[in-house]
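Hi everyone, and thanks for coming. Please have a look at the structure on the screen, and then I'll walk you through a few places in it.

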Amino acid sequence: MTRVIVIGAGAVGLASAYYLRRAGHEVTVVDQAPLAAKASGHNAGWLIPSMSTPVPAPGMMLQAMKWMVQPDSPLYVTPSLKPSFIGFMLRMLRSCTDTRFREGSAVLAALSATALSDFDELAADGVEFEQHEQPLSMLFTDGHKVEGRVTELELLDGKLPGFSWNHMSEADLKAHKPVLSDRVVAGIESRGDRSVDPGSFVRGLAAACEREGVELRLGAPATLESAHGGAVAVRVGAETLRADKVVVAAGAWTNEVLRGIGERVHLQSGKGYGYDFPVTPGGPTKPIYLAEAKVAITPLDTKVRLAGTMGFTGVDESIKRRRAGGILTGVSGYFEGWPDIDSAPEPWTGLRPTTPDGLPIIGALAKHPNVLVATGHVMLGISLAPTTGKLITDLVGGGPVPELLRGVSASRF
């Protein structure tokens with residue numbers, strides 16, 4: 001039996017722990033934060049094979065530069081002179097080409113191909129979480145942006161089981177709830193995506209892990225330490241734990257965990273904000289994406305979640321109200337009378353682990369092969385958590401490296 005320590009009790013870490021334990025390994029999960037307190041609980045909760053495209057896209061960096069002077073823009077960069085930050089941004093710039101975007105989209109589509117069936121398997125296994133399956137509407141106030149979305153969707157045609165899409169007619173737009181403003185000129189509806197309450201998913205995974213015999217150790221920071229003979233130990237508070245394999249699924253904090261063994265991966269924090277509005281008559285009943293405002297709207301059982309923005313600010317969980325308020329400003333341009341912005345709840349924030357090419361990092365470190373990294377999922381952390389957990393389990397089991405992992409290896413940069 002292999003002894004495995006998973007650092008990180010978010011969706012990816014817990015999914016990895018669940019599948020590792022089901023494969024017969026002895027598993028301990030360590031995290032300083034409570035369950036669902038970080039990005040795994042603070043996100044749109046979308047299972048979105050249809051948006052399996054990298055954040056670095058043609059024109060993205062130019063748009064970010066234009067938005068830098070706007071304090072409430074959906075994409076922003078806080079400049080830094082740190083070599084790691086400069087190197088990251090240069091690599092991201094090189095990823096913003098049509099060729100790399102298409103290559104990255106193919107990798108993400110391959111990873112996402114089993115995402116929904118993986119969630120079905122978890123539910124069948126007794127993992128309890130709130131899940132919804134409705135069409136996703138993408139709304140546009142700029143008709144020129146529709147063609148770009150169609151191009152992305154065409155890249156996915158035939159690659160995602162059960163996926164389809166169509167242009168919304170004028171009648172569809174007029175019948176939309178909430179009622180659309182005159183600024184909305186077009187829409188695309190897709191089927192084959194889902195949404196979950198991400199907090200319920202994390203808590204459901206944690207409960208399932210404990211039922212399977214996984215040890216959860218929450219409330220203490222974990223770091224890696226070099227041990228005798230090239231081995232790696234995990235320092236948890238004042239205690240040192242030993243393991244055959246260590247899985248680092250610490251999200252935006254991954255490099256802080258790796259620092260103790262002199263390792264780092266190319267990763268930056270992508271800061272997102274959100275609001276949880278109460279469910280009200282006339283409010284949304286299905287997921288909506290506001291294309292130009294870059295805001296995701298997720299109706300859940302007890303709330304309607306608004307999530308958006310992508311800010312490269314370092315590991316900073318402070319809330320900038322004007323920046324968060326850009327979500328509300330953006331939403332107000334699409335609907336008539338919804339939401340009630342004057343009574344908006346308190347905003348929250350979540351730090352998405354982001355790589356220069358927009359693809360996750362899944363695999364062993366070259367210099368420390370007994371340390372596996374599972375991070376960098378950007379906005380697909382919930383969507384790809386079960387898939388990642390299965391891949392990590394395959395790697396710990398010592399079998400051949402799946403072809404799927406070659407495009408997301410820890411050493412690809």
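Let's start with Phe163, which sits in the loop between helix H6 (145–156) and strand S7 (164–167). Helices here are DSSP runs of H or I with at least four residues, strands are runs of E with at least two, and both are numbered from the N terminus. Before I go on, this is a predicted model, where local features need pLDDT of at least 70 and side-chain atom pairs count only at pLDDT 80 or more, while totals for chains, interfaces and linings use all residues. Residues are numbered from 1 along each chain as its sequence is written, and side-chain values use heavy atoms, with hydrogens and water left out.

Back to our phenylalanine: is Phe163 buried or exposed? Its relative accessibility is 14%, so Phe163 counts as buried. Buried means under 20% relative accessible area, exposed means over 50%, and partly exposed is in between, using a 1.4 Å probe and protein chains only. Which residues does Phe163 contact, leaving aside neighbours within four places in sequence? They are Ser50, Leu153, Ser190, Arg191, Gly192 and Asp193, where contact means heavy atoms within 4.5 Å.

Leu153 brings us to helix H6, as it is one of the buried residues there, along with Val146, Arg149, Val150, Leu155 and Leu156. The cover over these buried residues of H6 includes helix H4 (98–112), strand S6 (136–140), S7 and strand S8 (186–191). Just after H6, look for Gly158, which has a positive phi of about 80 degrees.

Now find Ser105, in helix H4. Ser105 has 3% relative accessibility, so it counts as buried. Not counting residues up to four places away in sequence, Ser105 touches Ser52, Thr53, Pro54 and Leu155.

Next, two helices side by side. The axes of helix H1 (residues 11–22) and helix H11 (residues 385–396) come within 7 Å and cross at roughly 50 degrees. The axes are lines fitted to C-alpha atoms, for helices over the stretch in contact, and the angles run from 0 to 180 degrees between N-to-C directions. H1 and H11 are therefore oblique to each other: under 35 degrees would be roughly parallel, over 145 roughly antiparallel, 65 to 115 roughly perpendicular, and the rest is oblique. On the H1 side, the contact is made by Ala11, Val12, Ala15, Ser16, Tyr19 and Leu20. On the H11 side, the residues are Ala385, Pro386, Thr388, Gly389, Lys390, Ile392, Thr393 and Val396.

Last stop: aromatic rings. Rings of Phe, Tyr and Trp (its six-membered ring) pair if their centres lie within 6.5 Å; planes under 30 degrees apart are stacked, over 60 edge-to-face, and the rest tilted. How many aromatic pairs does this rule give? The count is nine. In one of them, the ring centres of Phe129 and Phe201 are 5.2 Å apart and the planes are at 80 degrees, so this pair is edge-to-face. Phe129 is in the loop between helix H5 (115–124) and strand S5 (131–132), while Phe201 is in helix H8 (residues 198–212), 72 residues apart. Both Phe129 and Phe201 are buried.

Phe277 and Trp338 make a tilted pair, 6.4 Å centre to centre with 50 degrees between the planes. Finally, ring pairs link Tyr275, Phe277, Phe335 and Trp338 into a cluster.
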